[in-house]
Amino acid sequence: MTDRISVRTLFFGVYGELAARREGSAELAADSTVADLVNSLRGPGGLDWLPESVVVAVNQSYAEAGTTLSDGDEVALIPPVAGG
């Protein structure tokens, strides 16, 4: 078993515009959670505009901050949507 995992990150809507990319990847410790990923994305030189309570989907299902990630997971960051 490896001590690192790689996850694919997707930035939807305005998040893609602010990040200047629609997708990327992140390498994390093997026991990392959604919260760990979001915090690493916010890190030094990162996406400091990312809100504290970002909506996330892992492998196309909504996920909580404590959800443990696995190697190869697809993690989508979804901005709030306003409608009328």
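Asparagine 39 counts as partly exposed, at 45% relative accessibility. Here buried means under 20% relative accessible area, exposed means over 50%, and partly exposed lies in between (1.4 Å probe, protein chains only). The model is predicted: local features need pLDDT of at least 70, side-chain atom pairs count only at pLDDT 80 or more, and totals for chains, interfaces and linings use all residues. Residues are numbered from 1 along each chain as its sequence is written, and side-chain values use heavy atoms, with hydrogens and water left out.

Asparagine 39 sits in helix 2, residues 34–42. Helices (H or I, at least four residues) and strands (E, at least two) are DSSP runs, numbered from the N terminus. The side chains of asparagine 39 and arginine 42 are joined by a polar contact of 3.0 Å. A polar contact is a pair of N or O atoms within 3.5 Å; within protein, one must be able to donate a hydrogen and the other to accept it, and residues adjacent in sequence count only if both atoms are side-chain atoms. Alanine 63 is 24 residues from asparagine 39 in sequence. In space the two lie 15 Å apart, C-alpha to C-alpha.

Serine 32 belongs to the loop between strand 2 (23–29) and helix 2. Serine 32 is buried, at 5% relative accessibility. A polar atom of its side chain lies 2.8 Å from the backbone oxygen of alanine 29. Leaving aside residues up to four places away in sequence, serine 32 touches Thr67, Thr68 and Leu69. Contact means heavy atoms within 4.5 Å. Serine 32 and threonine 67 are 35 residues apart in sequence. Their C-alpha atoms are 8.5 Å apart in space.

Most residues other than glycine have a negative phi. Asparagine 59 is partly exposed, at 40% relative accessibility. Glutamine 60 is exposed, with a relative accessible area of 71%.

The chain as a whole holds two helices and five strands. From the N terminus on, the order is β-α-β-α-β-β-β. The radius of gyration of the chain is 12 Å, close to the 12 Å that the globule rule gives for 84 residues, so the chain is as compact as a globular protein of that length. This radius is taken over C-alpha atoms, and the globule rule is 2.2 Å times the number of residues to the power 0.38. The C-alpha trace spans about 50 × 30 × 20 Å along its principal axes.

Of the 84 residues, 37% count as buried. Among contacts with a separation of 6 or more, 54% come from residues 24 or more positions apart. The accessible surface comes to about 5,200 Å². Carbon and sulfur atoms account for 51% of that surface. Areas come from the Shrake-Rupley method with a 1.4 Å probe; for residues, only the protein chains shown count as cover. The chain carries 5 positive and 12 negative charges, with mean positions 7 Å apart. Lys and Arg count as positive and Asp and Glu as negative, while His and the chain ends are not counted.

Methods:
The place of a charge is taken as NZ of Lys, CZ of Arg, CG of Asp or CD of Glu.
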